[in-house]
Amino acid sequence: MPSTVYKGDLAEVSFAPETGVSINANTDANMTITTVAGNDFTTITFSAQSNAVLFKPSFTVGSGAYNNDPTITHASDTAIRVGMTVTSSGAGVPASSTVASITSATEFELSSSTTSGSVSGATLTFLSNALRYPKNMLVGSQVKWTDTASTVDANDTAGVFTIVENDGRTLKISPAMKTATATVLSAAAIDLHILPYKTPPFDTSMNEAKTGGIAEESVLTDQFLGITNALTVPETKVDLKRFHVVGLGRDTSVQVPGKMITEGGSFEVAMHSARWLKYCLGGEVVHPVANPEASHFTTLDGATKAGQSFITLTDDHGNLAANHYVLIVDTTYVPVTTTHDVDTTTLRWDGSFTTSAFDSALRSEVRRVIGMDGTKVYLDEPLLFPHADNMAVQFIDFNDAPNTNPPTVSSTGVVADAQTHLLFNHTHQPSFSLEVSQRRRDVDTDDGAVDGTATDSKELTRVFRGCKVTDFTLTTDNDAALRLAVNFNAALCYTDTARLEGSTSRYASHRMFNDIANTDVKRFQSGIGPKTQKPFMFYNGTINIAGVQAAQVLNFNLTGQTGMQAFHTIGGQSSINTGTEQVPFGGSRNTTLMVEGQTSYEMTMEIGVDDPLFYHKMRSATEFSTTGEGNTNNQIRINFEKNTTTGTTERMMLIIDDYYIIEAPLQIPEDKGMVKSTLKIMPKTIKVIARNTIVKY
């Protein structure tokens, strides 16, 4: 008998950074705009798609037969979906005909009757025109138009629209566009940009859902969350407004649902890498390793902009594909601090741990490839910086060592070709999507189980979109691993509602060690490579304060506030709530914006006192600054390095340049034991250097 309850040991969680998508009206797919009078939304319909990365590619089915009738029979095939465009090698199928309904695996009804009499043995070609996103996964994401040909109304190119529905080959955006109805957008000058916030990366292996079929919809939320000790998902709450009416007694007379809030998410990880500090701080650059051989090295074909979610290469030499990585080797130094005037000439980070006093770094970035259309490369996260034309680009592929210099790790923990990251506070914090699935049985959603049987997982899958960190705490003591506790909020939550539609799951959730990290290469790609899963322990760490190694540190806590604020806006969009919507009310009641505010950091450190130095520094209000005095000994450096006999290892170092010690109490202990002092330190900002096998945070 199957289990009748959901169990925690059958829950899965994974995540991915969010990224945007740009669709060109000529090279990717034609777009038709339709606005019905009286509606406050516009429907965009894709057709004639020629991009098999963003859209499902065409396919053929043999043995097609028809005779002046909408009914068409064919060889058995389960990939046909309602709405697909149909053409035939035989005569008689009208132009722009689509699949109206599916009768069986060998028969469907066309949107119009065939002509030219009886035809048999025809090869049928099906073009899906379906964007590779699950139904209503994009609800709440925002879009912008660009058009250098002035086909789209100027008011539309100046505005921002919200997606209120997406279903394969159609998008509905609100408010309604001013561009004329039925305008076919097929010019190369017209682009539709789905903005990054609240938009998870698309999955090139996704298929359209088929009612009653196996789960085939997904997004690329396949990254390892971490060695998670505890997790609280940001549950949705309805802000109910209650009204007492004069003359109708003492009880509540009217209740009206208001905004929907998805907040309160948190998790704690034992840190085996510094990955999550990127999402806490926002800024990241990397230091390139030695150049790979020529066929895995190329240049940018055109300059890129900050926030761009794709790049174009001069040549990929046939050696780049989805799940590989591109590293843009930039030659421009950028500031990595805003707390003082920056010296980009001499105080430069050279990619090492020995250079700890620096103001600037090369703006080299690495991104995961989620799909390729020729030499156009779609990225898993927007670029943080602009890059000039012809900038060098390296390929990294875990399946192609040593040609692409992927990180490897030996049995003793020595890392070759390690990726070194520099993390720092930035004006922008990356958003992420968190996928959480819970099931009653230890079976996959795509097994095609019959609803309610012993092999049915009865899975509940949710994807929390538009997540951003609100605050964090980094801590360790002499009895534990280095731990990071993160609090975050989400903008909205997508839910697989296929059970309400009378079928099994639509969404094929990711199972970390069953499918997305079930090989060594996949484990490296997801961020939990073999022999890297052990966390940094207290005995791996050293702490230097103002040039003095603090030998008697009992514990420390570093907390950070990001100043994140969520806003619900009067956006003008509305949606009929059917009860089966993956995002209720078209996302109109959910958070629209999540904006970074002022940051603040605070550190406490309990030490066994063997010198009155810190007390004297506190009482004299000494400012510790590497810029004011130009003394690198003023830094706080917290260094963790995993043990090995010799060679390069996984390592992480936190650097605090400017700070005050505002408390250093020296009380006489009641137990007459060791005198301890809890230092309270107020930093301006922090930087982190990290070295490991995770190519892309």
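Two strands count as paired if DSSP finds at least two bridges between them. Strands are DSSP runs of E with at least two residues, helices are runs of H or I with at least four, and both are numbered from the N terminus.

Before going on, the model is a predicted one: local features need pLDDT of at least 70 and side-chain atom pairs count only at pLDDT 80 or more, while totals for chains, interfaces and linings use all residues. Residues are numbered from 1 along each chain as its sequence is written, and side-chain values use heavy atoms, with hydrogens and water left out.

Now the chain as a whole. The protein chain holds 5 helices and 46 strands. Along the principal axes, its C-alpha atoms fill a box of roughly 100 × 80 × 60 Å. How does the radius of gyration compare with that of a compact globule? For 697 residues such a globule would be near 26 Å, and the protein chain has 28 Å, which agrees. The radius is taken over C-alpha atoms, and the globule rule is 2.2 Å times the number of residues to the power 0.38.

Of the 697 residues, 52% count as buried. Buried means under 20% relative accessible area, exposed means over 50%, and partly exposed is in between, with a 1.4 Å probe and protein chains only. The protein chain exposes about 28,000 Å², and carbon and sulfur atoms supply 50% of that area. Accessible areas come from the Shrake-Rupley method with a 1.4 Å probe, and for residues only the protein chains shown count as cover. Among contacts between residues at least 6 apart in sequence, 75% join residues at least 24 apart; a contact means heavy atoms within 4.5 Å.

Back to the sheet with the opening pair. β11 and β15 sit in an open sheet of 8 strands, in the order β2-β15-β11-β12-β13-β4-β3-β14, with antiparallel pairing. Its edge strands, each pairing on one side only, are β2 (21-24) and β14 (183-185). On average, neighbouring strands in this sheet are turned by 30 degrees against each other, direction ignored. Axes here are lines fitted to C-alpha atoms, for helices over the stretch in contact, and angles run from 0 to 180 degrees between N-to-C directions.

The peptide bond from Ser 174 to Pro 175 is cis, with omega near 0 degrees. Ala 48 is in the loop between β4 (42-47) and β5 (59-67). Its phi is positive, near 50 degrees, in a residue other than glycine, and Ala 48 is partly exposed at 43% relative accessible area.

There is also an open sheet of 7 strands, antiparallel, ordered β19-β30-β46-β43-β42-β35-β36. Here the edges are β19 (282-287) and β36 (548-549), each with pairing on one side only. Within it, β42 (residues 636-641) and β43 (residues 651-656) pair antiparallel over 6 bridges, with Asn 639 opposite Met 653 in β43.

Next, strand β26 (residues 376-379). Which way do its residues point? Lys 376 and Tyr 378 point one way, Val 377 and Leu 379 the other, and all are buried. β26 pairs antiparallel with β21 (residues 310-312) over 3 bridges and with β25 (residues 365-373) over 4 bridges. Val 377 is the bridge partner of Ile 311 and also of Met 372. β25 and β26 form a hairpin with 2 residues between them, and Gly 374 in the turn has a positive phi of about 70 degrees.

On cysteines: how many disulfides does a search of the whole structure find? The number is 0, where a disulfide is a pair of cysteine sulfur atoms within 2.5 Å. For Cys 280, the nearest cysteine sulfur is that of Cys 467, 13 Å away. Cys 280 is buried at 2%. The sulfur of Cys 467 has its closest cysteine sulfur in Cys 493, at 9.0 Å, too far for a bond. Cys 467 is buried at 0%.

Ala 401 and Pro 402 are joined by a cis peptide bond, with omega about 5 degrees; Pro 402 lies between β27 (392-396) and β28 (408-409). Phe 585, not a glycine, has a positive phi of about 60 degrees, in the loop between β38 (565-567) and β39 (593-595).
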